[in-house]
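My entries follow in the order in which I made them.

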Amino acid sequence: MAKITRVLISLSDKTGAVEFAKKLARYNVEFLSTGGTAKILRESGLTVKDVSEYTGFPEMMDGRVKTLHPKIHGGLLGLRSNPAHVKTMQDHGIKNIDMVVVNLYPFKQTIEKPGCTFEDAIENIDIGGPAMLRSAAKNFESVTVITDPADYDTVLADMEKSGGEVSRQTNMRLAAKVYEKTSEYDRMITDYLKKHL
């Protein structure tokens, strides 16, 4: 079972995000977030730490580099049961990130818009999102990863039953969903680029 103490939430589709976060807050979790997601969570009264404050690095290159940092990926990939991993995390000030709530830049919606330029399409290829999702999914024994608002209630039900933990079965199902979604996303990008050769 994965105990949830720290949640990274960064969403393009913010459907149900505030309500979900408020329910998570009952378990005294710490929220890390970016940009517009951090703004709406703060406006709802939640306490949120910016990813840039946590990493000590500002967002840069027009937002292209935000979450690609060892403090993020170390917090997702570090094996909680491996003493060497735990020591490395402690040595470098890396904290566990126990839940990732991320959906990807709307590449499909962007390229379907009339007048979408090639440059617009390229800027809507998400890099940090898939990287975080894949890191979290790889470490599903310890990390809950959510890409779809339809899964919010399932996760909350697990946490309610266990006092703040998410079951291995739920985490594995959500991890499989991540790889399905990221493979579909990469396929869309591949097809788009091939059309423009």
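**Strand β2 and its partners**

I looked up the pairing of β2 and found four bridges joining it to strand β3 (residues 30-33), the two running parallel; strands pair here if DSSP finds at least two bridges between them, and helices (H or I, at least four residues) and strands (E, at least two) are DSSP runs, numbered from the N terminus. This is a predicted model, in which local features need pLDDT of at least 70, side-chain atom pairs count only at pLDDT 80 or more, and totals for chains, interfaces and linings use all residues. Residues are numbered from 1 along each chain as its sequence is written, and side-chain values use heavy atoms, with hydrogens and water left out.

From β2 the chain passes through helix α1 (residues 17-25) to β3, a β-α-β crossover that is right-handed (with the strands pointing away from the viewer, the path from the first strand over the helix to the second runs clockwise). β2 is also joined to β5 by four bridges, again in parallel, and there V7 stands opposite M99.

I then checked burial (under 20% relative accessible area, 1.4 Å probe, protein chains only): five of the five residues of β2 are buried, so the strand is largely enclosed by the rest of the structure. R6, L8 and S10 point one way, V7 and I9 the other.

**Helix α4 and D151**

In α4 (residues 70-77) I listed I72, H73, G74, G75 and L76 as buried. D151, in the loop between β6 (144-146) and α9 (152-162), counts as buried because its relative accessibility is 4%.

Notes
Buried means under 20% relative accessible area, exposed over 50%, partly exposed in between (1.4 Å probe, protein chains only).
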